Amino acid sequence: MSDAADASSAEFDEGRYLYCVVRADDADAEFDVEGIEDEPVRVLTEGDVGAVVHRCESLYDSDDPTTLKRWLLAHQRVTDAAADAFGTPLPVRFDTVLTGDDDTVREWLRESADGLRDALDALAGRREYRIEVRRNEDTLADRLAETDDRLGELREKKEEAGEGTGFLVGKQYEQRLEDLLREHRENEAEAVAEELARYAERVQRLGENRSASLVGAQPDDDDATSSVRFAVLAPVDNEDDIGEILDDVAAEDGVEVRFSGPWPPYSFAPELDVGATEEGSP
């Protein structure tokens, strides 16, 4: 039995590196793209489902970050090209290999056809977009000090107090500010997600990054920033509507929005089972 290759079997007689799965005609589709290390990429089909692959004899394993980045970018480039050629694909994790030959891939496609078709149909015409809302928290802190009576009072006391008292008041000010910033971030994230949901079928919050905290840490640059990140799945036709929502968000003082896509639906595609196919099957 063949299986998806892993780190314990880094070399094998023959394998097919798998980039993604697409809708394709009942004949190996033409697809003129170079893959990782300039390997020629092909689309092997079974019925109306195709696997975008290249031939390989080992996994792509390296301790060099530059090499890994180059391979990852090549993997992404092929998947993007497949999206342009065949419509929304089912992307596959980097370094996924079916051990065996072309017939192995076709058998896997036959065995998985129903699930693959369902997933491709569910994602057809939709792409993933990545959104990051970055906020200058120094700017927000000034605004909060004007609108929150307790924070404004503590700021005045901190500025007027002596060294000993000023330290204690400063800690109280920082704690109050941190509580308000946290509340604001959560409210903002919920509001942005609610707006995005008007035009996106799925909105997934990816979490929060902070380049510098206003409490107990020095910023990396002149501005303390926080960011909230989203992945959204949306019809391609809704891209402009999503962009307009983000333009409104970015219009606020101290806010920057980063919007990228369309991408293949990396965050929303199901995990593909590439195991238990029979090597060399007809």
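Mentor: Let us begin with the pairing rule: two strands pair if DSSP finds at least two bridges between them, and strands (E, at least two residues) are, like helices (H or I, at least four residues), DSSP runs numbered from the N terminus. Arg130 stands opposite Ala231 in β8. This is a predicted model, in which local features need pLDDT of at least 70 and side-chain atom pairs count only at pLDDT 80 or more, while totals for chains, interfaces and linings use all residues. Residues are numbered from 1 along each chain as its sequence is written, and side-chain values use heavy atoms, with hydrogens and water left out.

Trainee: What makes β6 and strand β8 a pair?

Mentor: The rule asks for at least two bridges, and eleven join β6 to strand β8 (residues 225–235), the two running antiparallel. Strand β6 (residues 126–136) also pairs with strand β9 (residues 255–263), again in the antiparallel sense, over seven bridges. There the bridge partner of Glu132 is Arg258 in β9.

Trainee: Why is β6 called mostly covered?

Mentor: Buried means under 20% relative accessible area, exposed over 50%, and partly exposed in between (1.4 Å probe, protein chains only). Nine of the eleven residues of β6 are buried. Glu132, with a relative accessible area of 15%, is buried, and Arg134 also counts as buried, at 19%. In the protein chain, which has 282 residues, buried ones make up 44%.

Trainee: How do you know that Arg134 and Glu132 form a salt bridge?

Mentor: The term requires a side-chain nitrogen of Lys or Arg within 4 Å of a carboxyl oxygen of Asp or Glu. The closest N and O atoms of Arg134 and Glu132 are 3.7 Å apart, and the pair forms a salt bridge. By this rule the count comes to 24 salt bridges.

Trainee: What makes Glu14 and Arg55 a pair of this kind, and where do they lie?

Mentor: Their side chains meet at 3.5 Å, N to O, in a salt bridge. Glu14 lies in strand β1 (residues 11–23) and Arg55 in strand β3, so the pair ties together parts that are 41 residues apart in sequence. Glu14 has a relative accessible area of 24% and is partly exposed, as is Arg55, with 39%.

Trainee: Why is strand β3 called largely enclosed by the rest of the structure?

Mentor: Seven of the ten residues of β3 (residues 49–58) are buried, so the strand is largely enclosed by the rest of the structure. Strand β2 (residues 42–46) pairs with β3 in the antiparallel sense over five bridges, and the bridge partner of Glu46 is Val49 in β3. The hairpin of these strands has two residues between them, and Gly47 takes a positive phi near 65° there.
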